[in-house]
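Here's a walk through one model, from a whole chain down to single contacts. Have the structure open as you read.

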Amino acid sequence: MADPGNIGLWTVPLAVLGGAVRVSTPFLFVSLGECITERSGRINLGLEGTLVMGAMAGYGISYLTGSPWVGVLAAGVTGAGMGALHAGICGLPRVNDIAVGIALMLFGVGLAFYLGKPLIEPTAPRLPAIDLGWWSDIPQLRAALRINALFIIGVLLAPVLVWALRTTRWGLIIRTAGESSDAALAMGYSVNIIRLRATMFGGFLAGIGGSFLSLYYPGSWNEGLSSGQGITAVALVIFARWNPMLCLAASLLFGGAAALGPALQSVGYSHGYHLFNAAPYILTLLIMIATCSPKRTLIGAPAELSITR
Amino acid sequence: MKADVGAPVGTPVVKSGAGDFLRLPPFTAKIGGAAEYVVIPAGALLASLALFGIFVALFGKNPLDLYFYMYQGAFGTWFSWQNTLTRAAPLILTALCTALPAQLGMVIIGGEGALLIGALCATSAALAIPGAPPLVVDIAMAVAGMIGGGLWIMLSGALRQYRGVNETISSLLLVYIALAILNFLVEGPMRDPTSLNKPSTPEIGAANMIGSIPGTDVHWGFMFGIIAAVLSYILIYHTVFGFAARVAGGNLRAARVVGLSVGKLILIVCFLAGAAAGLAGMFEVAAVQGRTNANLAAGYGFAGILVAFLARQNPLAVIPVAILLGGIGASGGLLQRRLGLPDASVLVLEGVIFVMVLASDTLYGRLSIFRAKGA
Amino acid sequence: MNFDKISRRGVLKGTAALTVGSALPVSRALAADATIGFIYVGSRDDYGYNQAHAAGAAALKKLPGIKVVEEEKVPETDAVEKTMESMINLDGATLLFPTSFGYYNPHMIKMAQKFPKLRFEHCGGLWSDKDPKNAGSYFGYIDEAQHVAGVIAGYSSKSGKLGFVAAKPIPQVLRNINAWTLGAKLANPKITTQVIFTGDWSMPVKEAEATNSLIDQGVDVITCHVDGPKTVVENAARRGAMVTGYHVNQSVLAPKAYLTGAEWNWEALYPRFVKMFTSGETIPNFYRGGLKEEIVKVSPYGDMVSAEAKAKADEVKAALTAGSYVIFKGPIADNKGATVVEAGVSRGQTDPELEKMSYLVEGVIGATS
């Protein structure tokens with residue numbers, strides 16, 4: 001009797017597809033947010049801390065209010081707050097924004113663990129899934145196509161951001177602040193306020209990305225939730241050339257790479273699984289090596305970004 | 001007249017233990033400028049402690065108790081001091097891994113990875129020459145550890161120099177890769193078959209272990225950390241090489257115009273930085289664990305980043321800051337047991353200190369107290 | 001003691017007295033008021049390994065005249081040595097439980113040598129004759145409980161495919177995987193167990209991925225051996241699969257999916273140790289047991305477990321508790337075809353061969369390297 005569940009080696013690409021959808025969502029939100037922040041001329045390495053704070057806040061608020069979507073919103077607001085803190089400190093003269101980012105990473109993670117201690121045991125209401133694969137008989141395909149509304153929002157957000165950056169007034173203002181703070185000043189805008197808003201927006205999205213981790217997948221709060229996703233998302237922005245659509249592609253690629261290890265093991269191939277666990281990081285490094293050039297270190301980078309100078 | 005107030009604070013307010021070691025960049029000729037480098041970070045530190053006290057008070061704990069236990073756990077008794085110094089030992093070396101490249105304007109946060117690679121190389125060296133006298137083994141381990149760690153960070157520097165890859169991100173990615181290599185080797189090719197339930201490499205042998213500084217419980221890694229920090233300071237501020245590095249760090253274009261071989265500078269400095277962290281890895285194996293296993297990834301590299309930034313990337317200042325941070329970590333246990341604070345409170349405090357010290361960067365040169373007389 | 005109510009001077013005086021008092025050698029026979037120290041490598045409330053020990057510590061807090069001090073998230077480096085010394089010097093602890101596997105060598109041994117009058121108990125079964133006499137090891141044969149859980153899993157699986165999310169392929173973990181599978185095979189000899197190794201003891205994203213991968217493959221009952229099974233239990237339940245738990249009872253996390261589980265019973269063992277300690281009796285250096293000695297237990301069965309399954313599981317459990325049942329009884333072949341336990345050979349729980357287990361039995365899909 002044919003077993004619809006047994007599709008042999010097709011499990012691997014399907015699992016990679018499913019993983020690309022599942023695991024990529026936090027990367028997607030963080031990188032899209034960081035994209036806007038960096039376009040305005042500031043690099044926010046503290047997004048790892050923001051991500052974890054968002055995860056904790058989302059889980060906590062969802063538990064307290066009983067609604068996961070309120071939790072997502074709370075996570076976003078928390079993230080915006082962290083972004084404001086980052087922007088506030090970086091706005092002071094002579095402050096190094098890379099160092100502040102690392103400091104906020106530490107602070108955010110510590111604060112989240114501290115406040116999240118009582119949240120490790122309780123179970124909070126989770127975000128629902130949308131079954132896009134209902135037409136299929138194959139359980140693996142259906143599972144791979146079970147997605148979350150946040151993923152859809154993220155996917156739609158990417159082209160919206162491209163359009164917004166290119167055509168709206170706000171997009172122009174942000175890009176100007178990123179290319180030349182003098183030009184922005186000449187236009188009559190305070191560069192600090194622009195970057196503040198851009199960083200808060202980035203933090204808002206990063207917080208939402210964090211809430212995805214705690215409210216959907218893996219779907220619980222504990223202290224091992226993030227393993228450098230915030231920082232690698234910042235790397236994604238660089239090799240996506242600050243283009244939101246490429247951020248989307250890079251996030252999917254990364255999510256798929258992260259799912260490769262367990263997928264291969266589930267079909268029986270388990271040699272060297274540690275190295276598979278490192279696959280996403282190796283992949284990021286290789287892509288960065290391949291796409292950066294020594295002459296103009298970062299083509300297309302906003303000129304005001306401190307890492308390019 | 002306001003100018004009479006130009007004389008700055010006579011005795012800088014510095015936390016215990018730091019007074020002997022702290023020296024300041026020689027180019028600050030004015031006393032006012034020099035005191036600034038001590039008073040402002042110290043002020044930020046005090047402000048952070050105050051903030052943390054308020055934070056803790058919000059949860060119903062008495063801040064005075066907090067400060068008391070922090071002091072007791074860190075510097076209150078001879079035992080606490082040893083606890084603090086033991087924790088500080090690896091931090092000095094891993095902080096150099098961030099502080100040295102910072103002179104060139106590079107932000108490297110890969111100390112954890114270099115430590116792990118250094119530990120692996122050191123263990124391999126020890127296992128390769130089983131019959132040799134202990135001193136030879138220890139020296140071989142140190143050399144191997146330094147070379148391994150050095151090459152790892154040099155890779156990051158090379159990627160920056162020849163491929164334009166941002167060194168902050170590449171060094172962090174290399175940390176995760178180093179972790180995977182560690183796990184792979186320790187559970188596979190380098191595994192000791194008798195280490196069944198805790199995969200480890202074979203032990204390096206009790207005879208080869210490095211002991212403690214006589215009269216204390218603190219291992220020799222602490223002394224070598226201090227030596228490395230002093231040597232780094234001399235290198236950066238009292239040699240032509242160091243001067244060239246600082247010039248390149250200040251203005252890359254000017255350095256190239258003047259004819260400095262920036263690529264060589266970057267590679268050498270990165271190698272030295274990685275060597276320091278690799279040495280820390282070697283001491284963790286030779287003085288603490290006796291072998292390599294997953295326990296080595298205890299976050300010393302990341303704590304070292306914090307130390308380096310708090311010490312304003314000055315190799316000498318790294319020593320008292322490492323001791324301070326060691327003290328904070330040492331007091332964490334007492335805070336857990338006496339006040340019921342979660343262990344994450346140490347992380348919060350460190351984060352607040354870091355943020356405050358960075359924010360206080362903006363005060364340099366703006367406070368009138370420090371301006372020279374007549375200014 | 002509520003420190004908020006006590007004046008600072010009082011605290012200073014009290015702590016000074018304690019420090020001076022602890023400098024004197026503490027004779028444990030006098031300890032009508034004993035302080036016991038617990039050290040955890042992770043969070044106390046991880047719904048897993050550490051929580052099980054914390055439950056044991058909580059049982060001790062209820063005993064009269066016993067004070068318990070705990071510290072969590074202590075890494076397996078020299079930090080734990082300092083923690084132990086701090087508990088001894090500043091809290092006057094006389095009996096210490098460093099509960100993580102990696103604390104033993106060299107850290108606990110060093111401390112035991114330094115404080116010969118105090119007692120150190122380690123969870124892990126590592127003590128040997130060359131180690132100090134004031135150190136001891138204890139461990140539970142939780143694979144017995146896993147075996148019973150496996151029986152239930154075998155009966156409850158409709159697809160005939162089971163899944164196991166494991167951290168690392170070390171003997172203790174392999175023993176659990178094998179015992180679970182052997183139990184399931186009593187229900188269905190053709191059953192298979194798919195194993196996925198995540199690589200480390202606590203990796204929530206990898207554990208969630210592994211759970212989903214397994215269920216994608218058609219697995220419908222899952223268990224795990226990781227430090228915090230919460231992620232696996234919740235993710236499996238959300239996909240509609242069933243679970244058997246590990247370390248502690250996770251039924252509250254997935255009431256409709258939790259069949260049963262293999263749990264530690266430290267709440268019963270630790271008071272036993274403490275009674276021995278305070279009455280002057282020497283705790284055996286090597287103390288291990290399973291269901292019979294009540295060191296491990298099986299969770300209550302969930303509502304969805306069939307009567308047939310319950311009957312068989314109870315039968316096996318009774319035999320194990322009576323001590324008349326051997327899980328690893330030959331002939332057993334591994335999943336590569338070789339014979340690992342010959343016909344007629346019975347490897348009882350104390351058999352040292354089991355400590356070196358490096359194979360996966362027939363029916364387990366996966367490799368140890």
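This is a predicted model: local features need pLDDT of at least 70, side-chain atom pairs count only at pLDDT 80 or more; totals for chains, interfaces and linings use all residues.

## Chain A as a whole

The C-alpha trace of chain A spans about 75 × 50 × 35 Å along its principal axes. As for burial, 61% of the 309 residues in chain A count as buried. Take the contacts in chain A between residues at least 6 apart in sequence, and 78% of them join residues at least 24 apart.

## A helix pair in chain A

Have a look at α11(A), residues 244-266, and α13(A), residues 279-291: they pack at an angle of about 140°, with their axes 8 Å apart. On the α11(A) side you'll find F254(A), A257(A), A258(A), L260(A) and G261(A), which meet A279(A), P280(A) and L283(A) of α13(A). Sorted by class, that contact has seven nonpolar residues, one polar and no charged ones.

## Where chain A touches chain B

This contact takes 41 residues from chain A and 36 from chain B. On the chain A side, α4 (97-116), α10 (229-239), α12 (273-277) and α13 each supply at least two residues. The largest share, 13 residues, comes from α4(A). By class, the chain A side has 31 nonpolar, eight polar and two charged residues.

## The largest nonpolar core

In soluble globular proteins, nonpolar side chains tend to be buried together. The largest nonpolar core here has 358 residues, and L96(B), V307(B) and V318(B) touch the most other members. Helix α10(B), residues 262-289, gives the largest share of this core, 19 residues.

What does V318(B) contact, leaving aside its neighbours within four places in sequence? The list is I92(B), A95(B), L96(B), A99(B), A229(B), V307(B), A308(B) and A311(B).

## A helix in chain C

Over in chain C, helix α4(C) covers residues 104-114, and its buried residues are Y104(C), N105(C), H107(C), M108(C), M111(C) and A112(C). These buried residues pack against α3 (78-91), β3 (93-98), β4 (119-123) and β5 (135-140) of chain C.

How values were computed: Residues are numbered from 1 along each chain as its sequence is written. Chains are lettered from A and ligands numbered from 1 in the order in which they are written. A residue is buried if 20 or more other C-beta atoms lie within 10 Å of its own, exposed if 12 or fewer, and partly exposed in between; C-beta atoms are placed from the backbone. Helices (H or I, at least four residues) and strands (E, at least two) are DSSP runs, numbered from the N terminus. Two residues are in contact if their C-beta atoms, placed from the backbone, lie within 7 Å. Axes are lines fitted to C-alpha atoms, for helices over the stretch in contact, and angles run from 0 to 180 degrees between N-to-C directions. Ala, Val, Leu, Ile, Met, Phe, Trp, Tyr, Cys and Pro count as nonpolar, Asp, Glu, Lys and Arg as charged, and the others, Gly among them, as polar. A nonpolar core is a set of buried Ala, Val, Leu, Ile, Met, Phe, Trp, Tyr and Cys residues joined through C-beta atoms within 7 Å.
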